[in-house]
Amino acid sequence: RRITREALETLKDEELLDAVIANLLAKLDPKKPDPYTVIPLLSRGRRAVYSIWLTCHELDSRGLRGYLCSPSGRFAEFAADGLELIGASESAAVLRDGLELDTGDDEATSEQERRLLGALERERPLDGCRKYIRDNPGEFVDEEDETH
């Protein structure tokens with residue numbers, strides 16, 4: 001439930017992102033667990049990491065149209081900002097282009113999804129999130145100010 005600086009430092013890379021995401025999900029109201037009421041109010045790093053993680057998982061399971069048309073799509077702009085923050089500028093630009101799509105246009109949506117998945121594969125944003133967490137632990141610990 002709580003992450004300390006020591007915990008972040010001792011977590012293995014393959015556990016780091018899952019631990020941060022679990023910590024963020026634990027902050028949701030169990031009676032009405034809407035991440036959009038909590039995540040945007042957290043630190044820039046937490047908002048970015050959550051949004052990137054969510055976007056990558058939603059694209060894998062739903063595709064671009066399913067992601068943008070779902071409640072998770074509310075995080076797309078945060079994800080684009082986060083992608084820029086971690087240095088995945090191509091992915092950020094392609095995702096932002098996707099926000100302008102008419103999701104009813106199958107051909108355009110499929111092409112944009114192909115471009116986005118290619119950019120994500122090249123830039124590996126989940127690895128970028130791990131690096132960002134390691135480089136900026138103060139944005140992810142519960143013992144320090146969360147208003148960065």
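At what angle do the axes of helix 2 and helix 7 cross? Before I answer, a word on the model. It is predicted, so to speak of local features we require pLDDT of at least 70, side-chain atom pairs count only at pLDDT 80 or more, and totals for chains, interfaces and linings use all residues. Residues are numbered from 1 along each chain as its sequence is written, and side-chain values use heavy atoms, with hydrogens and water left out.

Helix 2 (residues 13-26) and helix 7 (residues 125-135) have axes that come within 10 Å and cross at roughly 85 degrees. Helix 2 is therefore roughly perpendicular to helix 7, a label for angles of 65 to 115 degrees. Axes are lines fitted to C-alpha atoms, for helices over the stretch in contact, with angles from 0 to 180 degrees between N-to-C directions; helices are DSSP runs (H or I, at least four residues) numbered from the N terminus. Contact means heavy atoms within 4.5 Å. Helix 2 contributes Asp13, Leu16, Leu17 and Val20, and helix 7 contributes Leu126, Cys129, Arg130, Ile133 and Arg134.

Let us turn to helix 3 and helix 6. Their axes come within 9 Å and cross at roughly 145 degrees. Here Leu59, Gly63, Leu64 and Arg65 of helix 3 meet residues of helix 6 including Asp106, Leu117 and Leu120.

Which residues line the largest pocket? Among them are Cys56, Leu59, Leu117, Leu120, Arg124, Leu126 and Arg130. A pocket is an open set of points on a 1 Å grid over the protein atoms alone, where a 1.4 Å probe fits, with protein on both sides within 12 Å along at least five of seven lines; lining residues have an atom within 4 Å of a point. Helix 3 (44-69), helix 6 (106-123) and helix 7 each give two or more residues to this lining.

Arg124, in the loop between helix 6 and helix 7, has a positive phi of about 45 degrees although it is not a glycine.

Finally, the model has six aromatic pairs, meaning rings of Phe, Tyr and Trp (its six-membered ring) with centres within 6.5 Å. Tyr36 and Phe75 form one that is edge-to-face (planes over 60 degrees apart), at 5.3 Å centre to centre and 80 degrees between the planes. These two residues are 39 residues apart and link distant parts of the chain.

Definitions and conventions
Angles under 35 degrees count as roughly parallel, over 145 as roughly antiparallel, 65 to 115 as roughly perpendicular and the rest as oblique. Rings of Phe, Tyr and Trp (its six-membered ring) pair if their centres lie within 6.5 Å; planes under 30 degrees apart count as stacked, over 60 as edge-to-face and the rest as tilted.
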